[in-house]
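The following paragraphs guide a new reader through a protein structure, from the whole chain to selected details. Please keep the sequence and the model in view while reading.

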Amino acid sequence: MASFKPTKIQVYPKLGEKVTQDTLYWKNYKAPVQIKEFGAITNIDFSPVAPHNFAVTAFTRVHIYGPFSQEPVKTFTRFKDTAYSGRFRSDGQLLVAGCEDSVVRLFDVSGKVALRMFKGHTKAVHVTDFTSDSYQILTGSDDYTCRLWDIPNATELNTYQEHTDYIRCGVTSKLNRDLFITGSYDHTLKMFDARLDKSVMTMDHGHPVENLLLYPSEGLLVSAGGRYVKVWDLLKGGQPLVSMKNHHKTVTCLSLGSNGQRLLSASLDRHVKVYNTTNYKVVHNFDYAASILSLGLAPDDESIVVGMTNGILSVKHRKSPEESKETSGQQRRKPSYRVFVKGKNYVPKQDDYLVSKPVKQHLAKYDKQLKRFNVSKALDTALETWLRRRKPEITVAVIKELDRRGTLKNALAGRDEQSLFHLLNFLIGNLVDPRFAPVLVTTAEMILDIYRSVIGQSPVVDRQLLRLQDLLEREIDYQKDLLEVLGMLDTMFASSIPRKEVPCSGISRSNGLGQGEASTSRPQLQAT
């Protein structure tokens with residue numbers, strides 16, 4: 001006797017899900033490596049030189065991690081209070097960081113003790129960065145001032161006090177050593193020129209500004225604050241270009257990826273959004289377990305590093321081509337499962353005796369009822385609340401199997417008011433779904449044939465039948481409208497295509513006859 005074959009559940013594509021090149025690209029990362037820090041991670045900065053180590057600023061420390069290390073390769077702890085904004089210089093040799101105690105410290109990456117200490121601010125310093133010539137440092141503080149410092153002499157070069165609230169972000173130009181931009185909680189962005197004593201450009205973000213980012217060409221500036229990410233055209237005097245509101249909590253950090261082709265924003269809503277910089281549409285989304293304070297992207301998008309409020313550092317590394325092929329080909333088994341499949345791929349030799357062991361078949365509830373030929377109970381099992389709501393494809397598969405066996409009418413007949421209500425409710429919810437329509441239309445016709453004689457006896461069932469009728473009428477109207485639109489489009493396309501005339505030698509275009517045949521085949525009429 002042949003063994004029972006379980007019901008085959010067809011895999012349908014998810015409605016609304018579009019698999020694009022961006023989806024495949026940004027999903028091609030390994031499972032994240034999580035590292036516990038001593039406090040909330042406020043800044044992540046990648047070294048511009050190989051091997052592209054990254055500095056993580058958290059609590060009173062700045063840790064430097066290697067590309068694949070899970071332990072810091074270097075730690076700077078010479079801070080008396082919370083450290084902020086640990087940043088590398090363009091050569092990767094020096095690192096600067098601010099502190100809650102208002103002192104700015106400069107470190108040699110290969111050393112431990114601070115090379116320079118810049119004192120002049122009166123409150124916490126949240127912004128530090130090197131200028132493009134590598135000999136000056138920009139700092140921004142909660143004392144409303146931003147300052148330029150000379151590294152060789154450890155002296156202050158200039159002070160700017162135009163903001164009226166905390167300065168929490170800033171960026172220096174990599175093409176011009178004299179230009180830098182600061183963002184403040186007074187909602188403004190200001191561009192400064194070190195050769196002048198005042199700002200040269202002011203932009204209003206409309207919310208406290210949390211982060212700034214310059215495009216590599218430095219023609220565009222991106223600011224993050226509140227729920228908004230805004231793009232400004234600096235070549236047109238700071239004209240607003242785009243305003244994006246895709247987060248539902250404050251946006252805290254920005255980063256550029258794919259050589260400037262993609263923009264990433266992270267927020268307290270635990271999401272990282274990836275935008276296409278051509279049209280500024282969201283092309284991908286990352287979810288994390290806690291609110292995000294800092295974000296870093298390695299060159300060539302080799303890894304994504306995210307720092308969260310709970311002190312967890314999440315590092316995702318890009319898969320190698322071999323690992324990508326394994327994932328796309330067949331899902332790898334978990335290590336714990338290898339115990340159960342041990343020896344399954346062993347090939348017996350010529351003289352071996354093979355002792356087979358019967359494999360126990362585990363069947364679902366509806367398959368057990370089908371095996372016993374309890375067709376009504378099998379359909380009842382497939383119509384359980386959690387199953388028909390969360391996995392309607394299983395219910396449809398059972399109905400399809402009953403129809404294949406020729407027992408669907410028997411399974412539908414003899415139902416009470418409650419079970420018929422659930423069945424009609426499932427039809428109303430899924431009948432117009434193009435994935436299930438071919439199966440459920442047949443089911444609906446059978447139900448109407450079976451229960452035609454009892455219509456009018458139950459107000460609950462009658463109400464469901466009226467809902468089903470309204471649903472079908474609306475769907476038919478939609479289909480008619482679509483057919484009309486399709487006919488209009490066909491007419492437009494047909495009229496837009498130029499007609500090509502095929503010339504034929506010796507053939508008259510008027511009647512298709514040869515010129516010599518025209519006089520002989522048609523009689524001449526003479527006037528009387």
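The model shown here is predicted. In the protein chain, the secondary structure comprises 11 helices and 28 strands. Of its 528 residues, 44% are buried. Among the contacts with a separation of 6 or more, 45% are made by residues 24 or more positions apart.

In one of them, the side chain of Ser-141 reaches the backbone oxygen of Lys-123 at 3.2 Å. In the other, the side chain of Ser-141 reaches the backbone nitrogen of Asp-143 at 3.1 Å. Leaving aside residues up to four places away in sequence, Ser-141 touches His-121, Lys-123, Ala-124 and Val-125, as well as Tyr-166 and Ile-167.

Ala-298 is located in the loop that joins strand S26 (292–297) to strand S27 (303–308). With a relative accessibility of 9%, Ala-298 is likewise counted as buried, because that value is under 20%. Which residues does Ala-298 touch, when those up to four places away in sequence are not counted? They are Phe-46 and Ser-303. Pro-48 is 250 residues from Ala-298 along the chain, yet the C-alpha atoms of the two are separated by 9.1 Å.

The last example concerns two helices. Two packed helices are described by the angle between their axes and the distance between the axes. Helix H8 spans residues 417–430 and helix H10 spans residues 459–496; their axes come within 10 Å and cross at roughly 15 degrees. Since angles under 35 degrees count as roughly parallel, H8 and H10 are therefore roughly parallel to each other. Their crossing is left-handed. On the H8 side, the contact is formed by Glu-417, Leu-420, Phe-421, Leu-424, Asn-425 and Ile-428, which meet Val-460, Val-461, Gln-464, Leu-465, Arg-467, Leu-468 and Leu-471 in H10. Sorted by class, the residues of this contact are nine nonpolar, two polar and two charged.

Key. Residues are numbered from 1 along each chain as its sequence is written. This is a predicted model: local features need pLDDT of at least 70, side-chain atom pairs count only at pLDDT 80 or more; totals for chains, interfaces and linings use all residues. Side-chain values use heavy atoms; hydrogens and water are left out. A polar contact is a pair of N or O atoms within 3.5 Å; within protein, one must be able to donate a hydrogen and the other to accept it, and residues adjacent in sequence count only if both atoms are side-chain atoms. Contact means heavy atoms within 4.5 Å. Helices (H or I, at least four residues) and strands (E, at least two) are DSSP runs, numbered from the N terminus. Buried means under 20% relative accessible area, exposed over 50%, partly exposed in between (1.4 Å probe, protein chains only). Axes are lines fitted to C-alpha atoms, for helices over the stretch in contact, and angles run from 0 to 180 degrees between N-to-C directions. Angles under 35 degrees count as roughly parallel, over 145 as roughly antiparallel, 65 to 115 as roughly perpendicular and the rest as oblique. A crossing is left-handed if the near helix is turned anticlockwise from the far one by less than a right angle, and right-handed if clockwise. Ala, Val, Leu, Ile, Met, Phe, Trp, Tyr, Cys and Pro count as nonpolar, Asp, Glu, Lys and Arg as charged, and the others, Gly among them, as polar.
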